[in-house]
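Subject: Structure for you to look at

Hello,

Here is the structure I said I would pass on. Please open it first, then read the notes below.

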Amino acid sequence: MFWVGPVIAAILLSFAEWTLSASPEWVGLRNYEGLSADPLFWTSLRNTTVYTLGVIPLQMVLSLLIALALNRKIRFRALFRTLYFLPTVTSIVAMALVWRALFDYRFGFLNGALGLIGVDAVPWLLEPGLAMFAVILMSAWQGIGFPIILWLAGLQSIPEEYLEAARVDGANAWARFRYVTLPLLAPTTFFILVISFISSFQVFEQTYVMTSGGPERGTYTLVNYIYEEAFTKFSMGPASAMGCVLAVIILCVTLIQLRLQRRWVHYET
Amino acid sequence: MRPDARREPAKLQRGVGTVPGGHMLVSATPYLLYVIVALTILAPLLYMLSTSLKTLLDSMKYPPDLIPDQPVWRNYVDVWSTIPLAQLFVNSVKVTGPSVIGTLVTCSLAGYAFARLKFWGRDVLFVLLLATLMIPYQVTLVPTFLFFNEAGLVNTYVPLILPNWLAPAFGIFLMRQFFRTIPRELEDAAKLDGCAPIGIYWHIFLPLSGPPMAALVIFEFLRNWNNFLLPLVFLQEPEKMTLPVGLAWLSGQHFSNVPLMMTVTTISSLPTIVLFVFLQKYFVKGVVLTGLRG
């Protein structure tokens, strides 16, 4: 169990200071105090939260729309399903590089296309706010695959009879969606929400490769900071403390979501 | 199970009369929409492909061409000598191969144990296992690194492969969910024949486990092949880098050479795409298996 030992060690380490050259020293809560006074820590936390709040709705809505489309009985459905999943299958590092080229200020395709319709080149990756937007967009794109499959599974478990009954009662497509499909999708929605949150909060690769946490720390995330502390400065104590904070946040939010689930989600009895 | 979409005729849209030839017209429209959506989603990948076939000069044209006038296929030949791509590939295989095998072996055994064997604390342990899926691995990264550092195993592939031989939680979960669906009569028959639990595993469960194993193969292959943080942390020599890390590292030197970078990313995306295309059916089933229980 490569997990229990390290977790305990992580908790212990977060109360210590260790820079690998000397032996570990117990410093109590100093690491945590240091964190709460550290503006970079709060910046990274804020960035991670902004990122998560941006990616999750975008990705969930997009993937739901695509799943709804894929749910029809069309020919070549399997082909389209494969195609729509391709972004997720590729390495996020590779895709970060591709999108970095797309967003390039002078030679990127995006600015080129905008130029064709008379819009000035946008400094996508050169300004903190825009850079975050770029990262969010790219991540939402890259990760739609899993939610699509989960939505599809959820959609296919909705009995055809309910939709037929609604149709017979004169409900149009939107009404059918809102009053039959959506409520019955609640378990799936919830599951995707939980999974997406857990993985979004751990964002690292995109910000490391595409923007290096910049510009001006605009896309610097929690895991970016953990990595830098632990593996470039070898400051293991604070890094562990941050790791613990990350774990606690994810755990708490997930538990809150589980609580809410009992009130909002109705499972078939 | 729903009937296979391909064996059913496409549904006519409501409100369309029976105009001769109208069937063809109408059923073309949804396809067009799907194709447009597909193109939009694949646009970055198409851009990657098209840029990889341009010369450096071409790629800097503003606005850029969609399809290059003269595709430079040579880029795909040159890249192997400009960048140690082959080395990166080999390294990735060295890591991913044993990892996936380890996962298959240990997870199927563990999944079987959790599904069918009775032992003290089984269900508690399983819930604990699920809980670990919620904890991000970055938390245990630091202590794990320290552990391997003390053992002198940093800068080897051991830290990347070993955890996969200790039955990753996700794999156990997948296999257990699947094994629970196997009818007990099969087991009972084997027990009557005097089969020990390990024999039951070997003769009954293992042969039946094709589909979930295929799903697990894809999941784990993708996870290991595309993993960036772990090799970044544990590997310290450029010669040992795996594909994602090598890609990022090289992009620092070569980024201005956009066609080269695009060629590299195209080539490095191929293995996972090919694997997925072949095993996608199992992949979907695997995701559903984990999702249904919520």
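Which residues of helix H5 of chain B are buried? They are Arg122(B), Phe126(B), Leu129(B) and Thr132(B), in a helix that covers residues 122-132. Buried means under 20% relative accessible area, exposed means over 50%, and partly exposed is in between (1.4 Å probe, protein chains only). Helices (H or I, at least four residues) and strands (E, at least two) are DSSP runs, numbered from the N terminus.

Before going on, note that this is a predicted model, in which local features need pLDDT of at least 70 and side-chain atom pairs count only at pLDDT 80 or more, while totals for chains, interfaces and linings use all residues. Residues are numbered from 1 along each chain as its sequence is written, chains are lettered from A and ligands numbered from 1 in the order in which they are written, and side-chain values use heavy atoms, leaving out hydrogens and water.

Back to H5(B). Seen down the helix axis, the buried residues of H5(B) fall within an arc of 110 degrees, so they line one face of the helix. The arc is that of the directions from the helix axis to the C-beta atoms. Val124(B) and Val127(B), on the other side of H5(B), are exposed. The cover over the buried residues includes helix H4 (85-116) and helix H8 (169-179) of chain B.

Ile101(B) is in helix H4 of chain B and belongs to the patch together with Val105(B), Leu109(B), Val158(B), Leu162(B), Trp165(B), Leu166(B) and Ile198(B). Their accessible area together is about 650 Å², by the Shrake-Rupley method with a 1.4 Å probe; for residues, only the protein chains shown count as cover. Patches are made of residues with over 30% relative accessible area and no salt bridge; like charges are joined within 9 Å, and nonpolar side chains (Val, Leu, Ile, Met, Phe, Trp, Tyr) within 5 Å.

Next, Thr272(B), which lies in helix H14 (residues 258-292) of chain B. Thr272(B) counts as buried, at 1% relative accessibility. Leaving aside neighbours within four places in sequence, Thr272(B) is in contact (heavy atoms within 4.5 Å) with Val89(A), Thr90(A), Phe221(B), Leu222(B), Trp225(B) and Asn226(B). A polar atom of the Thr272(B) side chain lies 3.4 Å from the backbone oxygen of Val89(A). The backbone oxygen of Ser269(B) is 3.0 Å from a polar atom of that side chain.

Last, the salt bridges. In one of them, Arg223(B) and Glu220(B) have their closest N and O atoms 2.5 Å apart. Both lie in helix H11 (residues 210-225) of chain B, three residues apart, about one turn of the helix. An α-helix has 3.6 residues a turn, so residues three or four places apart point the same way. Arg223(B) is partly exposed at 38% relative accessibility, whereas Glu220(B) is buried at 3%. In chain A, Lys233(A) and Glu229(A) form a salt bridge (3.0 Å, N to O). Lys233(A) is partly exposed, with 47% relative accessible area, and Glu229(A) is buried at 8%.

Regards

Terms used:
Polar contact = N/O pair within 3.5 Å; in protein donor to acceptor, adjacent residues only side chain to side chain. Salt bridge = Lys/Arg side-chain N within 4 Å of Asp/Glu carboxyl O.
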